[in-house]
Amino acid sequence: MSKPIKKKTYGLLAEYDSARAVYHACEQVRDAGYKVWDSHTPFAVHNLDKAMGLGPSVLPWIVFAMGMTGATLAMLLQYWTSAIDYPIIIAGKPYFSWQAFVPVTFELGVLFSAFGAVFGMLGLNRLPMWYHSLFNSERFLRHTDDKFFIAIEARDPKYDPQKTRELLERTGAAHIEEVED
Amino acid sequence: MAKYQDELDPITGRMELVEGDHVTFHDVTEAVARPIEIPSSRWWIAFIPSVMLLGVYLISIAYLLYMGTGIWGLNNPVAWGWAIVNFVFWVGIGHAGTLISAVLFLFRQKWRTSINRAAEAMTIFAVICALQFPTFHTGRPWFIYWPLPLPNQMDMWPNFRSPLLWDVFAVSTYFTVSLLFWYVGLIPDLATMRDRAKTPIRRFAYGLFSLGWRGSTRHWLNYEKAYMILAGLSTPLVLSVHTIVSFDFAASQLPGWHTTIFPPYFVAGAIFSGFAMVLTLLLPVRAWFKLEHIITVKHLENMAKIILLTGTMVGYAYAMEFFIAWYSGNPYESFAFQNRLFGDYWWAYWIMVSCNVISPQFFWFKRIRRSVVWLFILSIFVNIGMWFERFVITVTSLHHDFLPSSWDYYSPTVWDVSTLVGSFGLFFTLFCLFVRYLPTVAIGEVKSVMAIANPHHHGDSHGEHH
C-alpha cells in the first residue's frame, strides 16, 4: 500500500445470482491463491467451504472438552455432597451410589456441551460483531435474501485493485464494487 | 392414485418441498417475512382470547398464592393431582418440537425445515407451561431454588438419589438446550429481518439479536457444525427427559406405576401428543399466513404418519401393561389395572383409549391424512386423550393403593380447571407473540432444501433475472 489513498478500502465485493455461480467463482478465487477472503450466502451452500479450500471446524473439540468437564463436575459434586460433606444413608444405599448419580451426570454433560457448542460457535465466528465494513454496501443487504457474494479483503497479500477486479469479472460476477472500511 | 400426485424434484425424484412453478429464494423470504412486517388484523382474533385466558391463569395463581394449595382438589392419597398431570402433559407436548428439530435432522429428513421453527417454539412454550405446575405445587414457589445444590446455612444438600431431583436437572437442561437450539436456528433469519427492516426499532431489535450475522461461509462452517452437535445432543436429551419424568412414577412402589415399560411408553406418548399439538397450531398458521406452498399437504401427511406410528406404540404399551399385570401374578398390580378399566375412573380410561388408540387409526387412510379438517379434529382428540392418559396414570394408581383404609375419591375443584385452562392462555399468548414478531418458518433452511440451492443445479437459474 505505497500509494496514499483518502478512504481506506475494505476490499472488493462481487455479487452472484445463484448458488452455482458463487460455487464455481469460489473455486477460481481459491485456485488463484487468495487467503483473506470470504463468501456470503443466504443459506449454507452445500460444500461451499470445500470450494473455498477451508479446513474442518475445530468446534467438536471444544464441545467434547466442555461435555467431559460438565459430566466430571456433576459426578464429583454428587460424590462430594453425598459421601464426604454430609454423608447420610438414604434407602439403605451406599454413600457413593454412583448408579443413581448417572442421570444428573448425563444432564450436566449435555448442558455443558450445549453451552460449548453455542458459545464456542459464536466465539470462533467472532460474533456478536454488530459493525462490519460489508454492511456499508447497500447491495450486500440482499445476502440474507437471494444474492451470493464474494469479498476479497485489501489486506490479502495478493490483493491488487485492478487484477483482483479482473479475476472477479472472469468468475462471472453480476456486479463488483469496492467497499470502504 | 393420480389424484394425490405431488410435485417432484427434477434431480432427486422426490417430493418438491416448496410447491409452485419457479419459486425463487426471494419468494420464500417474502412469504415468511411479509406477514410479520405487515401484520394481518386477524392476528388479534387469536391474540385477544389468548390474553383473556392468560388472565384466567394469573387470577388462579394469584388466588393460589393467597390461599395455598388447599384450593386444589388434592386429598390424602391423591397428593399429586392435576398439577403433576398438567406438568407431564405439557412436557410431553414439547417433545415433538425436539424430535422435529433434532431427530429428523440427524435422519436427513429435509421436510422438517418448514415446520421445525414453529415446533421448536412450541417446545419452549410448552416447557414454560410445564414448569409452572411443579413450581406452584410446592406451595411456596419462592423456595423453588431449593432443589439446586447451593451452599446454605443448614449445610445440607439435595438428595441426588431421588428421581424428582433428576427431573429438576432434566427439565431445566431440556429447557436451556431447546432455547439455545432455537436461538441458534433463528440467528440467520433474524439477520434477514434486519436487512429488510424499514423502521429503526425493527432494525435495532432484529439487528441486536442477529448478532451481526453476515452469512459468511467461514461462519456457516462452524454454525452448521454447532447445529449438528446440538441436534446430536438434543436427541438423547429428549429421550432422557421423558424417561426421567417416567422415573418419577416408575421408581415408586405403587401398583400401576412400578413398571419398566414406563420410559419407552412415556417417550412414545410424548412424541404422539407433541405432533398432535404441532398440527393443532400449524393448521391455522399456514392458512392465515398463506404458507400452504411451504408447509405443504405432504408435510401434514408425514406428521399424520408419525402420529399413527406413535399412537399405535402407545396402544401397544397399554395392552402390554395389562398383559404384565396379569402375567406377573401380582394381585396388587392386577387390581390396579382392573380398577382402571372398571373402577371409579372407568370413564377417564375409556376416553383415553378412544382418543389415543382408536382415533389415530383413521390415519391409515390417505384421504384423511391429507384432509386439513380431519387432521385438525383428530389432533384435538389426541391432545385430549393424552391429557387423560396422564390423569389415568396419576389418579387411578394413587386413589386406590395397597390399603383400602386410605382409599379416597379425588375430584378437581374449579381452581384446578381454571389453572389448566389458563395455562393454555399462557401457551397461546406466547405462540401468538412468536408468530407476530419472529419468522414462523426457518427461511434459510427452507432455501437450502430447494432444488435451485444445489450448487450443481443446471436448471433455469440464469438468464431470467433482469
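How many salt bridges are there over all chains? The count comes to 18, where a salt bridge is a side-chain nitrogen of Lys or Arg within 4 Å of a carboxyl oxygen of Asp or Glu. Please keep in mind that this is a predicted model: local features need pLDDT of at least 70, side-chain atom pairs count only at pLDDT 80 or more, and totals for chains, interfaces and linings use all residues. Residues are numbered from 1 along each chain as its sequence is written, chains are lettered from A and ligands numbered from 1 in the order in which they are written, and side-chain values use heavy atoms, with hydrogens and water left out.

## Salt bridges

| Pair | N to O distance |
|---|---|
| Asp181(A) and Lys8(A) | 3.6 Å |
| Arg139(A) and Glu15(A) | 2.7 Å |
| Arg369(B) and Glu301(B) | 3.1 Å |

Let us begin with the salt bridge between Asp181(A) and Lys8(A). Asp181(A) sits in the segment after strand S4 (175-180) of chain A and Lys8(A) in the segment before strand S1 (9-16) of chain A, so this pair ties together parts 173 residues apart in sequence. Strands (E, at least two residues) and helices (H or I, at least four) are DSSP runs, numbered from the N terminus. Asp181(A) is partly exposed at 41% relative accessible area, while Lys8(A) is exposed at 59%. For these words, buried means under 20% relative accessible area, exposed over 50%, and partly exposed in between, with a 1.4 Å probe and protein chains only.

Next comes the salt bridge of Arg139(A) with Glu15(A). This pair links distant parts of the chain, 124 residues apart: Arg139(A) is in the loop between helix H4 (98-124) and strand S3 (148-153) of chain A, and Glu15(A) is in strand S1 of chain A. Arg139(A) is partly exposed, with 36% relative accessibility, whereas Glu15(A) is buried, at 5%.

In chain B, Arg369(B) and Glu301(B) form a salt bridge. Arg369(B) belongs to helix H12 (residues 366-369) of chain B and Glu301(B) to helix H9 (residues 297-327) of chain B, so the pair ties together parts 68 residues apart in sequence. Both Arg369(B) and Glu301(B) are buried. Chain B also holds a network of salt bridges that links Glu30(B), Arg34(B), Glu37(B) and Arg196(B).

## Helix packing

Between the chains, H4(A) packs with helix H5 (residues 163-196) of chain B at an angle of about 20°, their axes being 9 Å apart. Axes are lines fitted to C-alpha atoms, for helices over the stretch in contact, and angles run from 0 to 180 degrees between N-to-C directions. H4(A) and H5(B) are therefore roughly parallel to each other. The residues of this contact between H4(A) and H5(B) divide into 19 nonpolar, two polar and one charged. Here Ala, Val, Leu, Ile, Met, Phe, Trp, Tyr, Cys and Pro count as nonpolar, Asp, Glu, Lys and Arg as charged, and the others, Gly among them, as polar.

Within chain B, helix H3 (residues 81-106) and helix H13 (residues 372-399) pack at an angle of about 135°, with their axes 9 Å apart. H3(B) and H13(B) are therefore oblique to each other. Angles under 35 degrees count as roughly parallel, over 145 as roughly antiparallel, 65 to 115 as roughly perpendicular and the rest as oblique.

## Chain A

Chain A is divided into domain 1 (9-55 + 149-180) and domain 2 (59-124), with bounds from an automatic or database domain assignment. The C-alpha centres of domain 1 and domain 2 of chain A lie 45 Å apart. Arg170(A), in helix H5 (residues 161-170) of chain A, is exposed at 59% relative accessible area.
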